[in-house]
Each structure stands twice: as structure tokens, then as C-alpha cells.
Amino acid sequence: MAEIEITSADFEKFREFFYRKTGIQFEPSKRYFVDKRLVERIEATQTQNFRNYFTTLRFEASGEELQNLTNIMTVNETYFFREEYQFECLVNSILPDVVSRKGDNGPIRIWAVPSSSGEEPYSIAMYLLEFWAGINQWDVEIISSDIDTEVLAKARAGLYSDRSVQHLPLRLLQKYFKSTGDGHQISQDLRDAVDFTRVNLADRGTTRDYRDFDVVFCRNLLIYFDDISRRGAAETIYDALKPEGFVCLGHSESMSRFSSLYKVRKFDEARVYQRPADSK
Amino acid sequence: MAFVKVAARDTQQDTANPRALEYDALELQLHDESADVRRWAARDLVDCPSASRMLVGRLHEEGDASVREVILTALTIRGDDIAMTGLVECLRSEHVSLRNEAVEAMKQLPEKMAPIIRELLGDPDPDVRIFAVNILESLRHPEVESWLISVIETDPELNVCATAVDLLGEVGSPAARLPLHRIKERYADVPYIQFAAEVALSRLGGE
């Protein structure tokens, strides 16, 4: 097969299209990363050149190829207990605040998006079991979502490398995982504890039913969005939260830079964002 | 107690946007008594043809800041002439929050704002010109510096020039040095301009 070329014009065309579909903006500095993956998919689909492939992407009714491409364009590397101080904040400050205002016996609802391959939602579940006495009094519902269907399948399978679990205390590794020879599988109980779903934060249709969460973890995702998409994502999360619900972002992200919807809450462990109480 | 699962919706594909048929329903929802419903209506109207006029109209009546923010985002995403005119009109509003919110929204639109900025910087109302300079503060556009230089060279209003001098100190390059020296001469008897221009010059370097 002749070498497949992605021209600057192709890159620009693709960049604009992918942004509209996913809210993810690739800067020109990501050109190598993007080109490499486009060529990979052109070869896999045997569409021979960018033009044919792009036509498939745009007009394929099932959207299957767009999903395949999205899967390889999104970066999914993470590990258990990443930015652990936020989990400490969850159990020591956020959940006590949530519980103190709770007017019913329904479950406390937590949404972790993006799920990536599951390390974050499972870390939350483990943290609650290990470090939050309230787990004995309250039901908790953890939903975790991602745009990438392949990582969702990985998350559901719960299989991890040594690298993923390297920051876990040995005691927790032994308690919640079993060795599989070349890795570690998280226990069935924890796999059953998290509901993994596919969501595109840039698409209102997929987020419409996500409501009434007490806490949302949305860490290290908005850094891939441009300003206007970040505003859109902030609005989506706002509507997914109950009044006075909390959002935790990654340590380098700040909601205040692109949205004034939230107020900042400074706890001892971390700075998080809170949807204000309803003003009717 | 324990972990529980309540049926969450798992959408395997992105969904179609609202159809034009829903437009009337969305118009009603945009005036619903619940802010939650109004926010969703504003977001759904992004994809409805000719929704900009309705969104602009609602923006000026809307009392809930969260709904205004969503309407402003919807207008910036739409970015058509009516939306842009509506955003600009907010700069003339007596409603301080709305004005500031509109400035923040417009900062997100470098390409669409470029032709409008030139008009705003020539607006007869000095307050509008000051807001235009505020928009430049974080507008990622290659002409920001040249617009600011043009302001300090030509604007007849002291306060507009002072705002631009402050900003040049943050976003300018050595190309702004000469204009800054000239404005110091032009307002030789205004201590604030002397001070602000000196601060800007010291930040710019290049001497």
C-alpha cells in the first residue's frame, strides 16, 4: 500500500470535525499524535486515503468508526489512588457535609467521569469502604462514564497491571485484588459496586438523564477541551448535581477560569467546587 | 448499608439534537418557573434554527445567573449575527452582572469578536470602549496588541486609554514601548497615566 499522507488541510478538517463531535480540541502541537492514529484507522478500515476515510467518518449511520477513532484518540492512562488527597477530602469533608443536609434515606450518588479503565471509581469505592464510617449507614451509588467504549469494557473486567496498582498500600492490594499471573483483578464485589456507562459530555443527548448527584469527580478531562467546551461541560455537570452538590477537578484545573456557576469550597484536604443552593 | 445500582442510562451512540418541531415547546420551557427547565431549554435551543433572537430576548429578562450563563454560552456557540449583536447589546445594559457575564462570554470567541472589536473600540460610548478593552484581556487573537496600541494612540477619553495602558503591560511586547512613551507625553500632567505607563514599560523590557 502506498504511504498514507495526512496534509495540513486534512488535519485542520479533521480537527474541526472531531471538536464538534467530542469537544476535544487538538492543538497543532498534537499533529504527530493525531496523524499516527488517523493512518492507523485508515489502514484498519482499508479506506486507502484520508478523503475516503473522512467520508466514512462523517456519513456512516451507525457511528461505529467515529467511536473506534474516539477510542484511540483519547488518553486513558491513570492509576489507583491518583491525587489521593481528594479521596481524603471526600470521606473527611465532602460526605459529612452531604449527609448533614440529606433530607431522605435515598442513596448518596457519586458520578466519576471520565472513568477511563476504572481506577478512579474503584478507588472511590475502596476509599469509602476503608475510610468512611458512613458506609455502614448509607447506601452509595457510584456511576462512572466514559466516551471510550473500549476502556469501559476494560473497567468492567477490572484487570490491572503492576503499574496501575503501584500506589496502593499492600494491605488493600491483597484485600481487594487477586493475582492473575500477569496482573491483578479487582474483586467481584467492587466490580459490582460501580455502574459503568458510556457518555459524551459534549453531547446533551447522552447526559440528559444524569441528574441528582451529590458528588461529581471530573478530573483531568477538561484540560483536553477548549474554553467554550469547558463552559458547556461545566453546565452539564451543574445540571447533573443536586443543589449544593460538589465537583472535584484535577489539581491543575480551575472551574473559576471558565465558569462562574460554582462557588469555591476550601476544605483542609482540597479545594473543590460547589453548586450553590437553589434560589427560586 | 452498601453499594447500590439504580438503572443508569447507557447510551452507546450520541443522539440526535432536538428537532425543529420541539422549538415551540422549548420556547415555553425557556419561560418555565423552574431554573433547571430554563437552563435545559437554553441548551437545547443551541441547535434550533433562528433561536438566537429568542435567547437574546430571554437573556435580558432572566433573573437567575445560572440560566444567564447557559444562555450566553448558547449564544457564543451559535455565533450568528443576531447572537453576536445580542452579546454586544449586553455591554450597554444597566444590569452590571449581565454586562460582566457578557464580557466573559465574548472573551471565548476570538475569531468572531475580531470584526466586532474594531467597531466596539470606536463606539461613541466610552464605557462600551472600556468593556471592549476588558474583552481583549483574555481574547486569544494575534491583533490584541495592535488594537491596544491603536487605543492609546487615538482614543480621546482618558479612562479608556488608562485601561488599555494597564493591559498593554500584561500582554504587550517591546512594540508597545514607543506608543507608551507617546501617551506619557500626551498626558504629562496625569499622574496615573505616568505611573501606569512606567509600570507597563518596566514589564515589557526590550530597551
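Chain A and chain B bury about 3800 Å² between them, 43% of it on carbon and sulfur atoms; buried area is the accessible area (1.4 Å probe) that two parts lose on being put together, summed over both. The model is predicted, so that local features need pLDDT of at least 70 and side-chain atom pairs count only at pLDDT 80 or more, whereas totals for chains, interfaces and linings use all residues. Residues are numbered from 1 along each chain as its sequence is written, chains are lettered from A and ligands numbered from 1 in the order in which they are written, and side-chain values use heavy atoms, with hydrogens and water left out.

The interface brings 51 residues of chain A into contact (heavy atoms within 4.5 Å) with 35 residues of chain B. Six salt bridges are found across the interface of chain A and chain B, a salt bridge being a side-chain nitrogen of Lys or Arg within 4 Å of a carboxyl oxygen of Asp or Glu. A:Arg275 forms a salt bridge with B:Asp36, with 3.2 Å between the closest N and O atoms. On the side of chain A that touches chain B, at least two residues each are supplied by helices H6 (119-131), H7 (149-157), H9 (188-193), H10 (204-207) and H11 (227-240) and by strands S2 (140-146) and S6 (194-198). Helices (H or I, at least four residues) and strands (E, at least two) are DSSP runs, numbered from the N terminus. H11(A) gives the most to this side, with eight residues.

In chain A, seven strands form an open sheet of mixed pairing in the order S6-S2-S1-S7-S8-S10-S9; two strands pair if DSSP finds at least two bridges between them. S6 and strand S9 (263-266) of chain A stand at the edges, each with a single partner strand, so one side of each is left without a neighbour in the sheet. Strand S8 (residues 241-249) and strand S10 (residues 271-274) of chain A pair in the antiparallel sense over two bridges, and A:Val247 stands opposite A:Tyr273 in S10(A). H11(A) packs on the sheet, touching strand S1 (108-112), strand S7 (213-218) and S8 of chain A. The direction of H11(A) makes about 135° with that of S8(A); axes are lines fitted to C-alpha atoms, for helices over the stretch in contact, and angles run from 0 to 180 degrees between N-to-C directions.

Three further strands of chain A form an open antiparallel sheet in the order S3-S5-S4. Two bridges join S3(A) to strand S5 (residues 184-186) of chain A, and A:Tyr160 stands opposite A:His184 in S5(A).
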